[in-house]
Amino acid sequence: MIPDSFHKKIQLINEALDHLLPGEDEFPGNINRAMRYSVLAGGKRLRPLLILLIPELFGSQQEKSIVPACAMEMIHTYSLIHDDLPAMDNDDYRRGRLTSHKVFGEAMAILAGDALLTLAFDILSREHDKEEGDYISLYTKTVPAEIRLKIIAELSGAAGTQGMIGGQVADLESEGKNISPQKIDYINSHKTGALLVSCFRLGVYLGGGGIDDLERLTSCSAAIGSTFQVVDDLLDLEGNREKMGKDRGVDSKLNKATYLSHFGLEEAKSLRDKEFQRSIKLLKYYGNRSISLQNLVKFMLYRDY
Ligand code: GRG
């Protein structure tokens, strides 16, 4: 399970997501219900946690990070909804529930994904929300406009064809083929790594880190991002279905070439250990301020769901 020390932050993120998502009773209700169904289904909230924790390396407060953390979770959830569609991985379960298209139908699931992607950039670019003192007003008051613009550019780059979508396209086109280790690395670092790297980079912008910090933490997150996908592949093979809240064996069903299928179990676990040690070494540069982050990285790479 995710360490208890993160529960307060997860609660903060969940409350903000609940507030920032459109209400179930607002018109048009069906799309709002579909968006809320997938975002509020649980999920480990790893990406928002990273965006809250990185600024702490620079002694900055977490309040600044809440809106970008929610935007990231909305984009991540959109990618899961679309990844589960019949045209992609065709999964029936996600986060312990039936997938969006199983409950709301394929058309509404596609639109829920689109709406979450759009809402993410809406909350990042809006000046204020309905009430005074809400999450968005706090964000615009505490984060300068040039940093907010940088965050939008970073996130759209990571989610687009040079990032997550590019990796997803390579993944789809590689099904049933014997692909090179370089191609596997491209898939892992783009499909999964791109958003994780941008969590770290967003955290540096929000925390006021310098160019050295950006380089150090980009390198650290690149190792974590690709390895996170290798761990996901390991769980697809060895994980517990109940704990994971989704079906196993999807990679072999779709005949996907992964780091695991190419190099085998021992090599995949040894890569995980090596990249974990490498990232911890980089994080130790920040001394005690990085302890929570080190714990989160450990959980990410040795998780069982
Ligand atoms: C635009 C049509 C269209 C489709 C987009 C971009 C995309 C489809 C899919 C992205 C690829 C993807 C879903 C990668 C999986 C990354 C991954 C390992 C997800 C699991 O992350 P966790 O374990 O999940 O953090 P929770 O549920 O805990 O948030």
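Student: Is cysteine 70 buried or exposed?

Tutor: This is a predicted model, in which local features need pLDDT of at least 70 and side-chain atom pairs count only at pLDDT 80 or more, while totals for chains, interfaces and linings use all residues. Residues are numbered from 1 along each chain as its sequence is written, and side-chain values use heavy atoms, with hydrogens and water left out. Buried means under 20% relative accessible area, exposed over 50%, and partly exposed in between (1.4 Å probe, protein chains only). With a relative accessible area of 1%, cysteine 70 is buried.

Student: How many disulfides does the structure hold?

Tutor: A disulfide is a pair of cysteine sulfur atoms within 2.5 Å. The structure holds zero.

Student: Where does the ligand sit?

Tutor: A pocket is found on a 1 Å grid over the protein atoms alone, as an open set of points with protein on both sides within 12 Å along at least five of seven lines. A molecule sits in a pocket if more than half of its atoms lie within 2 Å of its grid points. By that criterion, the ligand sits in the largest pocket.

Student: Which helix gives the most to the shell around the ligand?

Tutor: Helices are DSSP runs (H or I, at least four residues), numbered from the N terminus. Among the elements that give two or more residues to the shell are helix 3 (46-53), helix 9 (164-174) and helix 10 (181-207). The most, six residues, comes from helix 4.

Student: Which residues come nearest to the ligand?

Tutor: A residue is near a molecule if one of its heavy atoms lies within 4 Å of it. There are 20 residues around the ligand, and those that come nearest are Lys44, Arg47, His76, Arg95 and Gln168.

Student: How far from an oxygen atom of the ligand is a polar side-chain atom of histidine 76?

Tutor: A polar contact is a pair of N or O atoms within 3.5 Å. For lysine 44, a side-chain N or O atom is 2.7 Å from a ligand oxygen, and a polar side-chain atom of arginine 47 lies 2.7 Å from a ligand oxygen. For histidine 76, the distance is 2.7 Å.

Student: Which residues does the cis peptide bond join?

Tutor: Most peptide bonds are trans. Here, proline 28 lies in the loop between helix 1 (7-20) and helix 2 (29-39). With omega about -5 degrees, the cis bond joins phenylalanine 27 and proline 28.

Student: What is the phi of arginine 45?

Tutor: Most residues other than glycine have a negative phi. Arginine 45 lies in the loop between helix 2 and helix 3 and counts as buried at 3% relative accessibility. Although arginine 45 is not a glycine, its phi is positive, about 60 degrees.

Student: Where is asparagine 255 found?

Tutor: Asparagine 255 also has a positive phi, near 55 degrees. Its place is the loop between helix 13 (250-253) and helix 14 (259-263).

How values were computed
A polar contact is a pair of N or O atoms within 3.5 Å; within protein, one must be able to donate a hydrogen and the other to accept it, and residues adjacent in sequence count only if both atoms are side-chain atoms. On a 1 Å grid over the protein atoms alone, a cavity is a set of points where a 1.4 Å probe fits but cannot get out, and a pocket is an open set with protein on both sides within 12 Å along at least five of seven lines; lining residues have an atom within 4 Å of a point.
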